[in-house]
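Here are my notes for someone opening this model for the first time. Have the viewer ready and go through the points in order.

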Number of protein chains: 2
Amino acid sequence: MNWNGRPMTRRGLLGRLAALGGAGAAYHGLTTLGLLAIPPAHAGIPVRPADIGAGRSVVILGAGMAGLTAGLQLARAGFDVKIVEANGHIGGRSLTVRPGDSYAEVGREKMVCRFDDGLYLNAGPGRIPHHHTAVLEYCRTLGVAMEPYIFASRANLLQSDQALGGQPVQLRRIKHDLRGRLSEMLAKVPDPAALDASITAEDHAAFKGMLEQFGALNRQGDRLVYRSSSRAGYSVPPGAGRDPGTLYPDLELKTLLDSDFWRNGLFNDMTDYWQTSLMQPVGGMDMIVKGFLAAAIPGGRTVRDLVVTESPVREVVNTETGVVVVHAKGREQADYCISTMAPSVLARVKNNFRPAYADALTRIQDTPAFKLGWQATHRFWEENDQIYGGISWTDHPITQLWYPSDSYFSKTGVLTGAYNSGANAQLFGALSHPERVALALEGGEKLHPGFSNWVHRDRALSIAWHNMPHFPGGWQNNPPELDPQAYARLTVPEGNVMLAGDFLSYWWGWKEGAIRSADLAVQAIVDRVSQ
Amino acid sequence: MNWNGRPMTRRGLLGRLAALGGAGAAYHGLTTLGLLAIPPAHAGIPVRPADIGAGRSVVILGAGMAGLTAGLQLARAGFDVKIVEANGHIGGRSLTVRPGDSYAEVGREKMVCRFDDGLYLNAGPGRIPHHHTAVLEYCRTLGVAMEPYIFASRANLLQSDQALGGQPVQLRRIKHDLRGRLSEMLAKVPDPAALDASITAEDHAAFKGMLEQFGALNRQGDRLVYRSSSRAGYSVPPGAGRDPGTLYPDLELKTLLDSDFWRNGLFNDMTDYWQTSLMQPVGGMDMIVKGFLAAAIPGGRTVRDLVVTESPVREVVNTETGVVVVHAKGREQADYCISTMAPSVLARVKNNFRPAYADALTRIQDTPAFKLGWQATHRFWEENDQIYGGISWTDHPITQLWYPSDSYFSKTGVLTGAYNSGANAQLFGALSHPERVALALEGGEKLHPGFSNWVHRDRALSIAWHNMPHFPGGWQNNPPELDPQAYARLTVPEGNVMLAGDFLSYWWGWKEGAIRSADLAVQAIVDRVSQ
């Protein structure tokens, strides 16, 4: 709330904003100060004059979310567009694997999906946050149906070899015992006002009343104490008649501290993009890709008609009047190029970029990522564990076990039996598929003793994204903050080449970033041709 | 962990439990001590010898969840069963109102549903907790499909005339600012071990590390402080390129204390039965009723064939050999009677119960409950507010505003525009329907300015359960704890009459209690005929 180092009242600041930028800036100021309750949403697919691109051409490298977004917008604005995709599959990491589908990591045998009909694995991303308004607006407009994705059920499990003898424990128990213990400590503080300058001695009663609710504390005389709470759950659930159930015994703070749950899994559902509620496309993540491909563009065509597949890019050269792209199936001359390739991959393509730009490309780091999918013999997690969606967390290398948020009660289902990145993904990626299966079974057993009997090990699918052709990893980790200089350089077009992709956004690793970055790239081209 | 006042080790306790009750008790002990991670589930519809009831008859009063459960089980066990229902509608409070459906409160005009085709309002219960294993096992067995019900999205709103100038504010902001503030206070405590005996000075670093995660604190030198966090959200969301977004300014603890959010709405998603994940039957809550009615029983019949509707009970009399029930359509003589009527309603039926039992019936208190449903002109909560399911809370009498967890992106939808109990329900219940509509519009405006333009006020549905014929209220509030003596008395059969219903359980107000209480009543009858 400081402005040039001087404190400023809200009214003073708003006046200044209005003076600087008109009503729009004042609105922005209101929002910033939190006086408006709801952040603004993405306005949906931008509509531009249909002839603004007439006579101009753009070649787009990559038919993932960013490339398809840019292609759709540019074609609708009258540009001549071609999208060049290295792989046979359109959609990039939005890969949904269904029975009969296949793929192969570099130098490995083809992996064929042998699930029962109707089942699928989202081998890449699997969920969309409710506040990712760009991707949601596109889905709404393109008719892609959404359903809830459960990120965290309180019946999900935490397991660590370092805690509670290695036994899995329900998330509800760790969450609420910890909360209760902390709340009890605060209730013992003799003078809370000494720890928070905003409150006074008169607020002490309200403070204690709030803590009682915050931590599910019990009053014992004038003390507030934490004892087993129904929030933390029951070892024997209540029933009818004279059966009040039995609460879990409460865990001591020491036990909670000694566990490493608070380092992994326990607080993840508070991360902005994992906060309830999330969504998934009905029928698989690639339904979004299909929505884009079916979108109408001028000339009675669809976005699908713009895409050339199986054609890796070999050369990208800025010329005085445009850009030349050489790829496996031909040579394109265009006014502009939008590359959605991972920066590290683009850096290895023959080019005439200036050194600072070429160097910046190499400084965006790729993150290894691994997933494994199981078809289960039956939905044991629903029947035995009261788990209907969400994720269990373990310190075993599988890291995460995802349960389906749809098709409850059905005969079978697909579990994401491992999802990890970094060192654990490298570990899995270096193994053969049978070795991955064996390791993931071990992880499943940690969470669900008997797991090995309840999954079809001969139908497992594994994918190490850093081994996939033309993918250097699962995503690029936090480019804007890890190398701000390189990131800033890449936001500026290099001649007639501009970049798009989630890596060029503050939503790296998310479709939201891909779409918003494509919006920017398209706008930059539209601005140029409008001058 | 004390046993007769003496501390006992776990091993000692387990040995003692085993000595007292065999392996079952030892298992129970293991669970109680929290050494088993997952509480046991309901075993599903009990299977009994198909002829154990041969030649015996049972009359059941009420065709709600408890009555249908008891009828299904008894018929399958060979009993001659009749279910007598006072209303024309089968299913009790599991009332799903669809276009063309109608109902009427006592002394009022018929309310006709004028929603568009395909829409519905769950006028009674709307959700099922994931740990309500009895109702879920029945649904699984009876083929009733379930889908996620979102109880709390972090985009849901809190609104209070007492806080933040009456403006609605996103749940994420209040939750995480409060958490951060409390965490920051704890990080300032010089000697945490003095406030919690389980930890020592050596644990101080781990304690601080945990607080950093718990509250999203920032390190400033060796201090941990709370500043606006991405958990609490953005007034301007991050985007692509050079657009990092703007965090909401953090709220002071004083502001959070002065608001009454912590008294209402803020912590509800921690209550055991509202913890994520919850479910709803696909297509409406009465799909469960339909599942029960279609369930096969001997003789090529279904449960539907057992039910007589529109037949209020006038008399229930124990005889030396059984029971006589007189109702509007006839007179039943049976060996046993299970009454699922609300205790206060049964008390007013002519009977020959002993005084202590008759008195106990009158001591179970009914709770008024009110709901109002709107058809919206469009899904403004999705488009404007990023709300995909969940509930917003206000101190206006509507109390709650529910958003649909299904059919995202569709053209329209049904909002539960008021849901309350107690004094607010009495307030609404005393109003005419047009007055209710006007009051609920006012509440909607508090949460969503413009609300009145976005709902079809001529299609609203309202229901005050305490005004509905044969329903004394929405439920009976906490019978086991509010009057333990009366409750205990009612768990014992009165002659050949026994009770069932959610009021006779620790899950009062929930289907889970109705089903588990019916299980117990049926078992009591089976035990008697087996002697």
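1. A definition to start with: the radius of gyration is taken over C-alpha atoms, and the globule rule is 2.2 Å times the number of residues to the power 0.38. For the 531 residues of chain A, that rule puts a compact globule near 24 Å; chain A has 27 Å, which agrees. Along its principal axes, the C-alpha trace of chain A spans about 80 × 70 × 40 Å.

2. Some housekeeping. This is a predicted model, where local features need pLDDT of at least 70, side-chain atom pairs count only at pLDDT 80 or more, and totals for chains, interfaces and linings use all residues. Residues are numbered from 1 along each chain as its sequence is written, chains are lettered from A and ligands numbered from 1 in the order in which they are written, and side-chain values use heavy atoms, with hydrogens and water left out.

3. How far can you trust it? The model scores ipTM 0.92 and pTM 0.93. pLDDT is the predictor's confidence in each residue, from 0 to 100; its mean for chain A is 93, and 93% of the residues of chain A reach 70 or more. The stretch to watch is residues 1-34 of chain A, where pLDDT stays under 50. The model still gives that stretch 42 contacts (heavy atoms within 4.5 Å) beyond four places in sequence. Where pLDDT is low, the predicted coordinates should not be read in detail.

4. Now chain A as a whole. It has 15 helices and 33 strands, which are DSSP runs numbered from the N terminus (helices H or I, at least four residues; strands E, at least two). Of its 531 residues, 61% count as buried, where buried means under 20% relative accessible area, exposed over 50%, and partly exposed in between (1.4 Å probe, protein chains only). Among the contacts in chain A with a separation of 6 or more, 68% are between residues 24 or more positions apart. Chain A exposes about 19600 Å², with carbon and sulfur atoms supplying 51% of that area. Accessible areas come from the Shrake-Rupley method with a 1.4 Å probe, and for residues only the protein chains shown count as cover.

5. Look next at an open sheet of three strands in chain A, ordered β9-β17-β10 with antiparallel pairing. β9 (128-129) and β10 (146-149) stand at the edges with a single partner strand each, so one side of each has no neighbour in the sheet. Two strands pair if DSSP finds at least two bridges between them; β9(A) and β17(A) (residues 278-281) have two. I128(A) has M279(A) as its bridge partner in β17(A).

6. A second open sheet of chain A has five strands in the order β20-β4-β3-β24-β33, with parallel pairing. Which strands stand at its edges? They are β20 (307-308) and β33 (497-499), each with a single partner strand, so one side of each is left without a neighbour in the sheet. β4(A) (residues 80-84) runs parallel to β20(A), joined by two bridges, and V307(A) is the bridge partner of I83(A).

7. Please check the cis peptide bonds. One joins T276(A) and S277(A), with omega about 0°, and S277(A) sits in the loop between α6 (253-258) and β17 of chain A. In chain B, a cis peptide bond joins T276(B) and S277(B), also with omega about 0°.

8. Two residues of chain B have a positive phi without being glycine: E310(B) at about 50° and F409(B) at about 75°. E310(B) is in the loop between β20 (307-308) and β21 (313-318), and is exposed at 52% relative accessible area. F409(B), in the loop between β29 (400-403) and β30 (414-421), counts as buried at 16% relative accessibility.

9. Is helix α2(B) mostly covered or exposed? Mostly covered: 11 of its 12 residues are buried, including M65(B), L68(B) and L72(B). Just after α2(B), G78(B) takes a positive phi of about 90°.

10. Last, E383(A) in helix α10 (residues 380-383) of chain A. E383(A) counts as partly exposed at 32% relative accessibility. Leaving aside neighbours within four places in sequence, E383(A) is in contact with H378(A), A41(B), E137(B) and R140(B).
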